[in-house]
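Dear colleague,

I am handing over the structure we spoke about, and my notes follow below it. Please read them with the coordinates open.

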Amino acid sequence: MKLMNLKGTTDFLPKDQIVRNKIIDVLKRNFEKYGYLPIETPILNYYDLLAYKYESDAEILSEIYKLKDQGDRNLGLRYDLTVPFCKVIGLNKDLKMPFRRYEIGRVFRNGPVKLGRTREFYQCDIDVVGIDNRLIEAEQILMAINTYKELGIDVIVKYNNRKLMSGLIKESGITEEKVVSTIGIIDKLEKITREELVSMLKEIDISDTSIENLLKLFTYSKNEYKEMFENTTNSLIKEGLTELEELETYLKELNVLDKCVFTSTLARGLTIYTGVVFEFYDTKLRITGALGAGGRYDKIITDFMDNGALYPAVGLSFGLEPIYEILRHEKEEKSLIDIYLVPLDTNIECLKLATTLRENNIKVLIEMNKKKVGKCFEYADSENIKFISIIGSNEINSQVIKVKNLKTKEEFEVKIEDLTTFLQKHIDN
């Protein structure tokens, strides 16, 4: 057997997983700061659930990993966390609204592989159901900007409204049944050539006149749309512009509007979105794709419940993989070990000392294989461990040990009874 990973999957060794864990820690802390509660949903789902709300030729369906169980039932691996969240709402009708949740878990897509995009990856999602105004979209955008900032990444936010897009498409002369397909093509405008886009529109039988109107309509700014359609009877355009105005008012008051750019062609690929949509990009372009994205999806949970009530929802997803790709190059490596104790025939004494330190939240590694002292220093250095102490009988008898800082090369004499205080003072300095 040839040992290898499937294309689009990766093993993460400790130095990489430490970075990933720190990203997740920051995300969890910020999610909870904004009132989101943790849930967990199954990776394995009925295929019909995963395919719910999509046409049979939808691109996302081609990326689902499909399988059967021993009962010959059609199953699939989840491709995102949104549909499973909708299922949770449908199965738990006693949940109090609005309901905010976050979930961090693996998802799977049998799609193209590139930097920052794999086939097995983590999504880190927040969603809220039960709020129908732009204040929640503004709060999520604010939270994302601040969270990325804590991770050391400055982002620019691209935003748009699916109602506005649908209205513009109809305005160009395209019929209702082709609106969804056209949105999916327009969403690719910044990624493909004009010629490729025209060819794709012709493939779905859009006329030359409508294509010309369409491409012209998607070149204007939001203020130009506002002037052009001030007296329009197109309700989708009116609603889309009104929602964008409301969102921008909040973003301005929150002092983040200067980090946001209206992008008329932004749709988000999934057809579930019904209103405001947004994506987050690294200002330094270390990753060219989106670092995260989200938007409003008011119909999917409403349709799941099918009880006559409305279930407006909005959420966003942070991409762990692209964030990791940036931070693994940017962040200075730091060991999870605070001090490395090397006993010279003082095993039990070192274990007792380590126990005291660990009780005070100091992370300790004890050498247990009787490596030579020189090898211990080499190992500590290679693992970026900051402090090392060689402890023999003389140190135990005198109750004084030498602690060396491998970063600064300084050496300190410390009473054993004072070691906890010393390390607490110097670990992060």
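An open sheet of three strands runs in the order β2-β4-β3 with antiparallel pairing, where strands are DSSP runs of E of at least two residues, helices are runs of H or I of at least four residues, both numbered from the N terminus, and two strands pair if DSSP finds at least two bridges between them. Since β2 (44-46) and β3 (66-68) stand at the edges, each has a single partner strand, so one side of each is left without a neighbour in the sheet. β3 pairs with β4 (residues 74-77) in the antiparallel sense over three bridges, and Lys66 stands opposite Gly76 in β4.

The model is predicted, with local features needing pLDDT of at least 70 and side-chain atom pairs counting only at pLDDT 80 or more, while totals for chains, interfaces and linings use all residues. Residues are numbered from 1 along each chain as its sequence is written, and side-chain values use heavy atoms, leaving out hydrogens and water.

The structure holds 14 aromatic pairs (rings of Phe, Tyr and Trp, the last by its six-membered ring, with centres within 6.5 Å; planes under 30 degrees apart count as stacked, over 60 as edge-to-face and the rest as tilted). Tyr148 and Phe318 form a tilted pair, 5.1 Å centre to centre with 45° between the planes. Tyr148 lies in helix α5 (residues 134-150) and Phe318 in strand β11 (residues 313-319), so the pair ties together parts that are 170 residues apart in sequence. Ring pairs link Phe31, Tyr102, Tyr148, Phe278, Phe280 and Phe318 into a cluster.
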